[in-house]
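Please load the sequence and the coordinates first.

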Amino acid sequence: MNIEPIQNGVVIDHIEAGRAMQLYKLLNLGSLDASVALIKNVPSKKMGKKDIIKIDADIDLDFDVIGFVDPSATVVIIRNGELVEKRSIALPEKLTNVIFCKNPRCITSVEQEIDHIFKLSDPDKKEYRCIYCETKYSN
């Protein structure tokens, strides 16, 4: 399998195997007018298997979304065919409009204009709670 190197864009690497499609959807990469390569189950010495997403466009990414899906992922910025920045990602403390409260009695279910905001409540379990009603969301 040959995937051409990108000249200007972003590579999201070290994604846990099987999680790239979730990232693709949450980052809304399908709406881009650019080449996007999603490579699943790539052999990795460090991880066994991993997923990779290559985006052939210089775009702004929501690092909170990436950290929510896989905090061990790395983001590489490429310009003129050269690596210019490599970023480690962490589990975000707060998520806004990434996940949605499932509690039918939550204010966010009644008021459509209110942002869905979740705070990290247990980093070890990757558990978030709605700031309005404390409903738990586990990734």
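Is Cys 130 buried or exposed, and at what relative accessibility? Cys 130 counts as buried because its relative accessibility is 1%; buried means under 20% relative accessible area, exposed over 50% and partly exposed in between, with a 1.4 Å probe and protein chains only.

This is a predicted model, where local features need pLDDT of at least 70, side-chain atom pairs count only at pLDDT 80 or more, and totals for chains, interfaces and linings use all residues. Residues are numbered from 1 along each chain as its sequence is written, and side-chain values use heavy atoms, leaving out hydrogens and water.

**Cysteines**

With a disulfide taken as a pair of cysteine sulfur atoms within 2.5 Å, the count comes to zero. Here are two of the cysteines:

| Cysteine | Nearest cysteine sulfur | Distance |
|---|---|---|
| Cys 130 | Cys 106 | 3.7 Å |
| Cys 133 | Cys 101 | 3.5 Å |

Cys 133 counts as partly exposed, because its relative accessibility is 26%.

**Nonpolar cores**

A nonpolar core is a set of buried Ala, Val, Leu, Ile, Met, Phe, Trp, Tyr and Cys residues joined through side-chain atoms within 4.5 Å. The largest one has 29 residues, and Ile 12, Leu 23 and Ile 66 touch the most other members. Among the elements that give two or more residues to this core are β1 (9-16), α1 (20-26) and α2 (63-69). Of these DSSP runs (helices H or I, at least four residues; strands E, at least two; numbered from the N terminus), α2 gives the most, with four residues. Apart from this core lies another, of seven residues, including Val 11 and Val 76.

Contact means heavy atoms within 4.5 Å. Not counting residues up to four places away in sequence, Ile 12 touches Leu 23, Ile 66 and Val 75, among others.
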